[in-house]
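Student: I am new to this structure and would like to learn how to read a helix and a pocket in it. Could we go through them one after the other?

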Amino acid sequence: MSLPYKTTEEVRQTFLGHFLKHDHQLIEQSGIIPRNDPTLMFINSGMAPLKPYFTGQATPPYPRLTNVQDCIRFVDVESVGDSYHGTNFRMMGSWSFGDYFKERAIELAFELITEGFGIPAERLSATVFMADESLPGVPSDEESARIWEKFLPRERIIGRPPADNFWGPAGTSGPCGPCTEVFFDRGEEFAERKTDDVLVPGRHIEIWNAGVFMQYFKDEQGNFSPLPMKCVDTGAGLERFAMILQGRASIHEIDQYEPSYQLINQRIGDTAWTRIILDHLKTSILMIREGIVPSNTREGYLLRRALRRAMIGVFL
C-alpha cells in the first residue's frame, strides 16, 4: 500500500505544524559547532544545544519547544552506503521541560505519524527500554510499554537493552534516560522476515526516537543521579520520513537530493559509493560553512577524512 507523498519541505512543515498546534514554541536551530560544550565536537542531535535546559543551568523560553536542527555524526561513517545512514542529517525535534512526560509524548507521536503523515499503524512497531546488568539501578520502562498498548498490539512492543534504548548523554557527560523508538516496516522486498525475527535490519527502519525520557544526569565517572525535573526529548530524521513517504530507495535519493544523486551516479555507476560521495560532500559543505578547514586535528581532521573518502569514490 502506497503512502501519501510529501516533499521534504512538506515533511518538515507537517512536523513543526503538529507541535505548534499542540502549544510548542518554535526556536531557531543552532550551528553545527557546539557553544560552551567541550564534551562534543559537533552538534549531533537536536537536544545538544539545549543541554543547559535539561540540567537546570538555564531556563527554557517556554516549557514546550520544537525545531529542525542540522546534525553531524561521524559515529555512523562506516554504515554510510546503505539506505538509511548518513554522517549528516536534519533532526526534527520536540521537547517538554518539566511539563508533560511519557504518556503525552507517546500520544503526540502516534497522532503525528498516523494522522499527520498518514502512515498506517499496522506498519509500525515500538521499542522500549529493558534493563540489564550494564546499567545497575536503572529499571525497565514498563510504563511506556503499557502506554503503547493503547495503540499497538503487544507483539509489536519490543523490549530492548540499554545499547539500543537508553539514550545519551550527548557527549561524555550530561542528561540521559530511557527511550522509546518507532520503527516502520518497509515490506518484504527489503528483507524477508524470519519466524524468530521481530525487527529485521533494512526492512524495519527507525523513523523516530519518539521519547527520550530525561530522568538522569551521567557524570564523567559514569555515575547516574536524578535530574531536577523530568523532561522529554524527541528526534526524528527528516530524511528518513521523506524516504518512506516518497517511496525512495534511500535517504540520499529524496526529492531535495535527487539531482545531485543522479549526477554522481551517472559518473560512478555504483549505488553504495554514490551514496557515500553525496553524503560526505554534504557533510563537508556544512563544516566549511562553519569556517572549518582541513587539518590534522579534531574537526579539521574529520573534514579531511570526509573529503578524502569522497574523492576515493570518484576515482574508483
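Tutor: Let us begin with a term: a residue is called buried when its relative accessible area is under 20%, and exposed when that value is over 50%. Please keep in mind that this is a predicted model.

Student: Which residues of helix α7 are buried?

Tutor: In α7, which spans residues 258–268, the buried residues are Y261, I264 and I268. Because they cover an arc of only 75° around the axis, they sit on the same side of α7.

Student: Which residues are exposed on the other side of α7?

Tutor: There you will find P259, L263, Q266 and R267, which are exposed. The buried residues of α7, for their part, pack against α8 (271–289) and α9 (298–314). Just after α7 comes G269, which takes a positive phi of about 75°.

Student: Which residues lie nearest the centre of the second largest pocket?

Tutor: The lining consists of 26 residues, and those nearest the centre are A48, P49, L50, K51 and P52. Sorted by class, the lining of the second largest pocket holds 12 nonpolar, 10 polar and 4 charged residues.

Conventions: Residues are numbered from 1 along each chain as its sequence is written. This is a predicted model: local features need pLDDT of at least 70, side-chain atom pairs count only at pLDDT 80 or more; totals for chains, interfaces and linings use all residues. Side-chain values use heavy atoms; hydrogens and water are left out. On a 1 Å grid over the protein atoms alone, a cavity is a set of points where a 1.4 Å probe fits but cannot get out, and a pocket is an open set with protein on both sides within 12 Å along at least five of seven lines; lining residues have an atom within 4 Å of a point. Ala, Val, Leu, Ile, Met, Phe, Trp, Tyr, Cys and Pro count as nonpolar, Asp, Glu, Lys and Arg as charged, and the others, Gly among them, as polar. Buried means under 20% relative accessible area, exposed over 50%, partly exposed in between (1.4 Å probe, protein chains only). Helices (H or I, at least four residues) and strands (E, at least two) are DSSP runs, numbered from the N terminus. The arc is that of the directions from the helix axis to the C-beta atoms. Contact means heavy atoms within 4.5 Å.
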